[in-house]
Amino acid sequence: MQYQGVLRKMQTEIGSPIQYFLIFDNDFIQVNQLLDKEITLKFVKYQCLACGENKKIFRQGYCYDDFYKQPDVGDWIMRPELSQAHLGIEDRDLEYEKKVQLQPHIVYLANSSNVKVGVTRKTQVPTRWIDQGAHEAIEIVEVPNRYLAGITEVALKEHVADKTNWRKMLKNEIEDEDLKVQREQLKEFIPEEAKEYFIASNEETTLEFPVLKYPEKVKSLNLEKTPEYTGVLKGVKGQYLIFDDNTVFNVRNSEGYVVDLMIK
Ligand SMILES: [Zn+2]
């Protein structure tokens, strides 16, 4: 079987295990069904997710020019505390920013290699946790906009990590933590403006990834340096494909690349 398409982050569906899908223009590939199969990935060209041109991808699937123009990659994405749509202040496109920022957001704890605090739109639960490769997560507050989530995250970052180690996540060097206890300990550090939004229920979500064999060490595949790669797929975790020879491929970091995907 051979497919061709532009890579975008894999779509997911919660389940045991989680189901992954690659969506190409004309094809819909169930990645779980490729486990234990030999697959070849071949770089064809770039296709910027905004302008569609064959221009080198700078970040998040966009060429350099579009990365600094598109409203969905403004600074407030990575730093939610910079959100200003609730004040009616535009960053790149106020209508877009209102739509995305002025909706319920969750501040959560997720454990992928260590426990970290993060922010996501409520509609992105549990997608966000799956994309991070978290094996467990818990919600802390549900606030009505992104700004409140951002200032809550900034305050909690003083007491818990906001970064994870993706190599440890992929090697499955993980520990189960009692997130309920950590959530209670963090409660007092929630900023005044967000305290009323503390979520009463303390239900922990656990996530099960489709992995037959974890890598012992991690070799990252970069299709710009290695335009063609063949390997036997052994798992999917976060947005990574994991192969038999310890190679890992971050699909999300390769957005905007047109690839040939061959399955033996
Ligand atoms: Zn472009």
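This is a predicted model: local features need pLDDT of at least 70, side-chain atom pairs count only at pLDDT 80 or more; totals for chains, interfaces and linings use all residues.
On the side of domain 1 that touches domain 2, the residues divide by class into 9 nonpolar, 4 polar and 5 charged.

To place these contacts, the reader may turn to the domains themselves. According to the domain assignment, domain 1 consists of residues 2-61 together with 211-263, and domain 2 consists of residues 74-206. The C-alpha centres of the two domains are 26 Å apart.

How many residues of domain 1 are in contact with domain 2? The answer is 18 residues of domain 1, which meet 13 residues of domain 2. The size of an interface is often expressed as the accessible area lost when the parts come together. Here domain 1 and domain 2 bury about 1,400 Å² between them, and 60% of that area lies on carbon and sulfur atoms. Within domain 1, the residues that lose the most area to domain 2 are V218, K237 and Y240, which together account for 36% of what that side buries.

The last topic is empty space. Rolling a probe the size of a water molecule over the atoms shows where such space is left. A search of the whole structure finds 1 cavity of 30 Å³ or more. The volume of the largest cavity is about 40 Å³. Which residues line the largest cavity? Its lining is formed by L22, V31, L34, I39, L41, L233, L241 and L261. By class, this lining comprises 8 nonpolar residues, with no polar and no charged ones.

Conventions:
Residues are numbered from 1 along each chain as its sequence is written. Side-chain values use heavy atoms; hydrogens and water are left out. Domain bounds come from an automatic or database domain assignment. Contact means heavy atoms within 4.5 Å. Buried area is the accessible area (1.4 Å probe) that two parts lose on being put together, summed over both. Ala, Val, Leu, Ile, Met, Phe, Trp, Tyr, Cys and Pro count as nonpolar, Asp, Glu, Lys and Arg as charged, and the others, Gly among them, as polar. On a 1 Å grid over the protein atoms alone, a cavity is a set of points where a 1.4 Å probe fits but cannot get out, and a pocket is an open set with protein on both sides within 12 Å along at least five of seven lines; lining residues have an atom within 4 Å of a point. Grid points are joined across faces, edges and corners, and a volume is the space filled by probe spheres set on the points.
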